[in-house]
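User: Hey, can you walk me through this model? I'd like to start with how its helices cross.

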Amino acid sequence: MRVSFSVAVAGASGYAGGEVLRLLLNHPDVRIGALTAHSSAGDRLGVHQPHLPALADRVIEPTSAGTLAGHDVVVLALPHGASGELADALSAHAEGAGPLIIDCGADHRLISAEDWQRFYGSDHAGTWPYGMPELLTGSPEAAHRQREDLRGARRIAVPGCNATAVTLALQPGVAAEIIDPGDIVAALAVGYSGAGKSLKPHLLASEAAGNLQPYGVGGTHRHIPEIAQNLRSASNSAIAPRISFTPMLAPVSRGILATVTAPLTVGDANLVRQVWTEHWEHEPFVDLLPAGTWPSTAAVSGTNRATVQVALDSGAGGAHGRVVAMCALDNLGKGTAGAAIQSMNLALGLPETTGLPTTGVAP
């Protein structure tokens, strides 16, 4: 007999909340509880998420600790800065350990309060276990994947989608110490759903169609300290990661294609390929593509799959050239909601892959 866990979703009318619900509808071990939001409270969910007919007649409730309490799991798909206060209220409202709380926002990702204040401009809400099971972490003597720290967790901070793409692209080289982490350059093409549903002029269809728009240029993007934190976690190097990070909105609704380069400390293309192969060969949701095949966003749309490729650019400067590592993922899938469900599975003691698709919907 399967155990059924009740899951409430705050922010159910947004893109991330909608993707969480889409995945939960196909999860055999959960039942969907309260659906809440702020400005859309009182509406039928079908007004905001017409692709979820099974939930279309559910009425969105106001977001409050009282409404969300009493569930086994609460997923917070809220704007950055809104999760900390609600999580505290849920903890105060709960009896015993309370629900497993999964924060899809940024509030609990960063370890450094100084980094949070610098990039987000508010008080740090504290640090929760980081919801990237594939991340290498721990001391050299006790290195392990982050999934070990998620088993039985009661609080989980879901990674940023851009941070996930850059980390999965470059982590093998950082962990094997065959790149110089002090000179990392990352350029990303990002689908418009990554900007949320806010009504801003540059997000209008007339502005987005046929247009590429950079944003967060010049070291200002909020995922920079998170990427550095991840790569520092995966590396034994004394050199602190330094990242030039430039994302660009691309005229697609979903997807991230990250191209990440760094100087190599070895000049052996076969060794580079071996390092990436061995690092990812046992991960259920990260696939190193065959040599000469490049990641594409359409191939991973709607999935929890990330595809990775690596090449050696021997003419790019330096004694050994630069590694070119690429990663494609669905920013709403593996980049957000998929990571939340994958981490939830680990925390609840379920098989990690439960309810998570790897078959895409292209074209």
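Analyst: α1 and α11 cross in a right-handed way (left-handed is when the near helix is turned anticlockwise from the far one by less than a right angle, right-handed if clockwise). Mind that this is a predicted model, where local features need pLDDT of at least 70 and side-chain atom pairs count only at pLDDT 80 or more, while totals for chains, interfaces and linings use all residues. Residues are numbered from 1 along each chain as its sequence is written, and side-chain values use heavy atoms, leaving out hydrogens and water.

User: Which residues of α1 make the contact?

Analyst: Ala 16, Glu 19, Val 20, Leu 23 and Leu 24 do, and they meet residues of α11 including Ile 341 and Met 344 (contact means heavy atoms within 4.5 Å).

User: New topic: how many aromatic pairs does the structure hold?

Analyst: It holds 1 aromatic pair. The ring centres of Trp 116 and Tyr 120 are 3.9 Å apart with planes at 10°, so the pair is stacked (centres within 6.5 Å make a pair of Phe, Tyr or Trp rings, using the six-membered ring of Trp; planes under 30 degrees apart are stacked, over 60 edge-to-face, the rest tilted).

User: Is Trp 116 buried or exposed?

Analyst: Buried, at 2% relative accessibility (buried is under 20% relative accessible area, exposed over 50%, partly exposed in between, with a 1.4 Å probe and protein chains only). Tyr 120 counts as buried too, at 13%.

Terms used:
Helices (H or I, at least four residues) and strands (E, at least two) are DSSP runs, numbered from the N terminus.
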